[in-house]
Amino acid sequence: MKLILVIFHEVYRERIRELLEALRVPGYTEFRELSGSGETGRRYDTSVWPGRNAAVLTVVETARAERVVKEIQAFKERLGTRACRPGGVKVFVLPVEAAA
């Protein structure tokens, strides 16, 4: 099993949800109003550093994880160049040793 963490600009929240539902991901946990700094800049929801991020976590079977990651990467590519989009989308995959 794999844990997938997707961090993205909050403007993509509905589109990420729709993507996960289309992929029939059995469940996920959503985190809203996140602050931070990364390759697309800083987001602290202030006048100097506007915007916020969001994130979702899901645990899926290894075979499904590959498809989910591929579709999220395709979504990111469809957004265009960094200059044409308000923020980034990052996906991380971690092994899950146990789930109870």
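**Salt-bridge network and sheet arrangement in the predicted model**

Glu14 forms a salt bridge with Arg17 (a side-chain nitrogen of Lys or Arg within 4 Å of a carboxyl oxygen of Asp or Glu), and the closest N and O atoms of the pair are 2.3 Å apart. The structure is a predicted model, in which local features need pLDDT of at least 70 and side-chain atom pairs count only at pLDDT 80 or more, while totals for chains, interfaces and linings use all residues. Residues are numbered from 1 along each chain as its sequence is written, and side-chain values use heavy atoms, with hydrogens and water left out.

Glu14 and Arg17 are separated by about one helical turn because they are three residues apart in helix α1; helices (H or I, at least four residues) and strands (E, at least two) are DSSP runs, numbered from the N terminus. Helix α1 comprises residues 13-22. Glu14 is partly exposed at a relative accessible area of 43%, whereas Arg17 is buried at 16%; buried denotes under 20% relative accessible area, exposed over 50%, and partly exposed in between (1.4 Å probe, protein chains only).

A salt bridge also links Arg17 to Glu30, with the closest N and O atoms 2.9 Å apart. Arg17 lies in helix α1 and Glu30 in strand β2, so this pair ties together parts that are 13 residues apart in sequence. Salt bridges that share partners join Arg13, Glu14, Arg17, Glu30 and Arg32 into one network. Glu30 and Arg13 are each partly exposed, Glu30 at 23% relative accessibility and Arg13 with a relative accessible area of 23%. Leaving aside neighbours within four places in sequence, Arg17 is in contact (heavy atoms within 4.5 Å) with Tyr28, Glu30 and Arg32.

Four strands form an open sheet in the order β2-β5-β1-β6, with antiparallel pairing; two strands pair if DSSP finds at least two bridges between them. Strands β2 (29-34) and β6 (89-95) stand at the edges, each with a single partner strand, so one side of each is left without a neighbour in the sheet. Strand β1 (residues 2-9) pairs with β5 over eight bridges in the antiparallel sense, and Phe8 stands opposite Ala54 in β5. Helix α2 (residues 62-78) lies across β1, β5 and β6 and runs at about 165° to β6; axes are lines fitted to C-alpha atoms, for helices over the stretch in contact, and angles run from 0 to 180 degrees between N-to-C directions.
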